[in-house]
Amino acid sequence: MRNIYYLVIALLFCVCSCTQSAKTSVPSSKDFVTVENGHFVSNGHPYYYVGANFWYGAILGSTGEGGNRARLHQELDSLQAIGVDNLRILVGGDGENGLPSRIRPTLQMQPGVYNDTIFDGLDYLMAELGKRNMKAVLYLNNSWEWSGGYSVYLQWAGYGKAPIPSVDGWPTFMEYVAQYMKAPKAQELFSKHVEAVLSRTNRYTNKPYTEDPAIMSWQIGNEPRCFSKDNKEAFVMWIDAVAAQIRQLDSNHLISVGSEGMWGCEEDYDLYETIHSCKNVDYMNIHIWPYNWGWTSEQTLTKNLDVAKENTIKYVEAHKVIAEKYSKPLVLEEFGYPRDGFQFSRESSTTARDSYYGFVFDYVVEEAAHNGILAGCNFWAWGGSAKISDGIVYWELGQPYTGDPAQEQQGLNSIFDTDSTTTIIRNANRRLQEITK
């Protein structure tokens, strides 16, 4: 009888121990980045950051075409060495491979048909980020052709062959993708993709994505636009629906839109405010592109630096007013500036860029020092150790990935690991750490 008694006690002890062990393996709320009183909080401390865009991370992490895990480790270690702990990353591209201006390989080859090597690469990337205490903003869609997105979903939904801007022209492309906001079937295909991604369990960590602290935020898309004033209402409804779907699937992580700001909202601040006032959108985004937006030119990169800086202040301040109204952090998650002389090689100088970047970083540091609502920035983009072959302007199969997607000149906005810009990034992150520790 006594033996049975001790056996029962032992079994109860094992059950309690196992239950306790299971509990400790589940991340607590403090492991995730949260928003408190209009500010990011991570591990109980204010979270301000100078981060990077690293769209090709999942491709590098794969064992298939384009995969290079040794380089992935090198790039993550290089970024960590300059204090970068926040990376904005594309979950994966959509559509067939081999089209002009599109990255390859893609993740979703046909509706719901996935290239598992890219999913495996994303799993591996997330595991490596977790080892380094780095955070990812993962975006799920794209307005632009370089990773598929709107145009591919429309093609799959029966709207005809998607135009390619570099072949068919931008007006034709913009008119085509404007149909997305009133295309229920295309949106349904994307909704299924959202569910497929968020329901994954990482094969390297055995963690469901919904429980992975290495994810800071799910982002609806890269620069989602409505592309027509007639689409504004439908655009608001779509953003609200996708944010609600993500929240239903994942209650742990932040949700963001990925917007450029007023520039990507038909130049309408009210539309920007409306999509970010959605209850399931946790913080606000803006992008700034001085060259693309005509604040400078190939010939005036140095001459117009002050103009670019002045316009940057105005643009950020206008969106800060909206962020403060809703007590939601604001992140400048894309910005870039070309290399001196509009050159693309990693040997070319970056004096003008360094000045502009230093200006942006100083702004973020100043906000951190005064508990401001501008919580961080992600420069576009990390090119790291990539070396492009002589004579290559646009990406070609066999070339390494840089921060510039396939439709842009390779080296245009890339930050290489030998650039003087890396010192400015490191110094900004050191200052942020001193303020927030």
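The largest cavity has a volume of about 100 Å³. The structure holding it is a predicted model. A search of the whole structure turns up 3 cavities of 30 Å³ or more. Glu96, Leu99, Pro100 and Arg102 are among its lining residues. Glu145, Ser151 and Gln155 also line this cavity. So do Lys161, Ala162, Pro163, Ile164 and Pro165. By class, the lining divides into 6 nonpolar, 2 polar and 4 charged residues.

Ser151 sits in helix α5, which covers residues 150–156. Is Ser151 buried or exposed? Its relative accessible area is 1%, so Ser151 counts as buried, the cut-off for that class being under 20%. Leaving aside residues up to four places away in sequence, Ser151 touches Ala162, Phe173, Tyr176 and Val177. One of these partners, Ala162, also lines the largest cavity.

Next comes helix α4, residues 116–131. The helix has 16 residues. From its first C-alpha to its last, α4 reaches 23 Å. That is close to the 22 Å expected at 1.5 Å a residue. How many residues of α4 are buried? The count is 12 of the 16, so α4 is largely enclosed by the rest of the structure. The buried set includes Ile118, Phe119, Leu122, Tyr124, Leu125, Met126 and Leu129. After α4 comes Asn133, with a positive phi near 55°.

Now step back to strand β6, residues 108–110, where Gln110 lies. Gln110 has 42% relative accessibility, so this residue counts as partly exposed. Gln110 and Gly95 are 15 residues apart along the chain, yet 6.2 Å separates their C-alpha atoms.

The backbone has some points to check. A cis peptide bond joins Arg104 and Pro105, with omega about 0°. Pro105 belongs to the loop between β5 (86–90) and β6. Another cis bond runs from Trp380 to Ala381, again with omega near 0°. Here the second residue is an alanine, Ala381. Ala381 falls in the loop between β13 (374–379) and β14 (382–384).

Positive phi values also occur in loops. Glu267 is not a glycine, yet its phi is positive, near 55°. This residue is in the loop between β10 (254–256) and α10 (269–276). At 58% relative accessibility, Glu267 counts as exposed, since that class begins over 50%. Asn371 likewise is not a glycine and has a positive phi of about 55°. Asn371 lies in the loop between α12 (351–369) and β13.

Last, confidence. The protein chain averages a pLDDT of 93. At least 70 is reached by 93% of the residues. Where does pLDDT stay under 50? Residues 1–25 form that stretch. For residues 1–25, the model has 0 contacts beyond four places in sequence.

Note on methods: Residues numbered from 1 in each chain as written. Predicted model: local features only at pLDDT ≥ 70, side-chain atom pairs only at ≥ 80, totals over all residues. Heavy atoms only, no water. Helix = DSSP H or I, 4+ residues; strand = E, 2+ residues; numbered from the N terminus. Buried < 20%, exposed > 50% of the residue type's maximum accessible area, 1.4 Å probe, protein only. Contact = heavy atoms within 4.5 Å. pLDDT = per-residue confidence, 0-100. 1 Å grid on protein atoms, 1.4 Å probe; cavity = no way out; pocket = protein on both sides within 12 Å on 5 of 7 lines; lining within 4 Å. Points joined across faces, edges and corners; volume = space filled by probe spheres on them. Nonpolar A, V, L, I, M, F, W, Y, C, P; charged D, E, K, R; others polar. Expected span 1.5 Å × (residues − 1).
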